[in-house]
Amino acid sequence: MKKLLLFLTLLPEIFIVQAQTRIIDMHIHSYTDSDFGEREAAGDHYGVKGSVNAEQHRMETFAAFERFNIVKAMVSGNPESVKNWKDKDDKNRVIRGILSFLPDDHGMDITKFEQMVKAGEIEIFGELGPYYSGTTLSDPEWQPYLRICEKYDIPVAVHTGDGDPGGTYSWAPKARLQLGDPYLIEDVLVNYPKLRIYMMHAGGEDWPEHAIRLMAYYPQLYTDIAVLLWVEPNTQRYVTEFLRNIKHAGYLDRVMFGSDQMTWPYAIGKSIDFLNSLEFLTEEDKEGIFYDNAARFLKLKE
Ligand SMILES: [Zn+2]
């Protein structure tokens, strides 16, 4: 009897694990040794140390893909790191992004960009971080690249909300809180109505209501909820409120899971656990956030 009781109490958990068959992570970062840990502190908010080097980090992130049945992952980093991850990706999980704070990062120009798009070497234009370079996505230098994305139906992924506190005093001196406002991409939505685009971090702690209002006005706009799910207790509080509010508003079906593990692959599992712990979300809501909404956005074929 005791054994049976134990079995029964374990059942719901077993059920949840099995029901959540697939996950798409819309926010994963890759590195080479040249930029590994360049922008991140040694320990996270909780003092947890990151991976020791770029290759270890890739292996630990791939192990998390396997463990949590992450079937697709949007990987952004420098082009060399993304290529390396794709070369080692024997399960066809990696969607190739590119991390750019300015459009001409990594020696990029419009001709090279179009070539990479055509060759399938850039499948999503992002993570874009105009916030970190003191620009906005509506500024002139980004426009030729956005035109190419619209032409080839390449989705754009843009950072919204703030960055790491202290970043402005170190590696991103032009970063300003006000540049994280989602409303700053409104002209892009107006000028490229066919462009597939999602916000990263849903406006962060600064502008969650602006993120929701922008999604109300522009029905093509999606968002991820990356980093907020794990990085600090305060961001977890904000993302909980954001999810409650956007569910109430009726746009939860455009919210996508993302972890933004940076140099801490353990954050992937932590993000999944946190999302699963939110009791006001139904199992169907969670399936949508973990898989269905991103599958629709990405036009994945079954
Ligand atoms: Zn970001």
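Residues are numbered from 1 along each chain as its sequence is written. Because the model is predicted, local features need pLDDT of at least 70, side-chain atom pairs count only at pLDDT 80 or more, and totals for chains, interfaces and linings use all residues.

**Exercise 1.** Find where pLDDT stays under 50, and state the contacts there.

Solution. 
- Start with the term: pLDDT is the predictor's confidence in each residue, from 0 to 100.
- The chain has a mean pLDDT of 94, and 93% of its residues reach 70 or more.
- Residues 1-9 stay under 50. They have 0 contacts beyond four places in sequence; a contact means C-beta atoms, placed from the backbone, within 7 Å.
- Residues 11-19 are also below 50, with 2 contacts beyond near neighbours in sequence.
- Where pLDDT is low, the predicted coordinates should not be read in detail.

**Exercise 2.** Which residues have the most contacts inside the largest nonpolar core?

Solution. 
- A nonpolar core is a set of buried Ala, Val, Leu, Ile, Met, Phe, Trp, Tyr and Cys residues joined through C-beta atoms within 7 Å.
- Buried means 20 or more other C-beta atoms within 10 Å of the residue's own; 12 or fewer is exposed, and in between is partly exposed, with C-beta atoms placed from the backbone.
- The largest core has 79 residues. Phe125, Val156, Val158 and Phe257 have the most contacts inside it.
- Take Val158. Beyond four places in sequence, its contacts include Gly126, Leu128 and Ile197.
- Gly126 is joined to Glu127 by a cis peptide bond, with omega about 10°. Glu127 is in strand 4 (residues 125-128); strands (E, at least two residues) and helices (H or I, at least four) are DSSP runs numbered from the N terminus.

**Exercise 3.** Locate Val227 and Met262, and give their phi values.

Solution. 
- Val227 has a positive phi of about 70°. Val227 sits in the loop between strand 7 and helix 9, and is buried, with 26 C-beta neighbours inside 10 Å.
- Met262 has phi near 45°, also positive. Met262 is in the loop between strand 8 (255-256) and helix 10 (266-276). Met262 counts as buried because it has 23 C-beta neighbours inside 10 Å.
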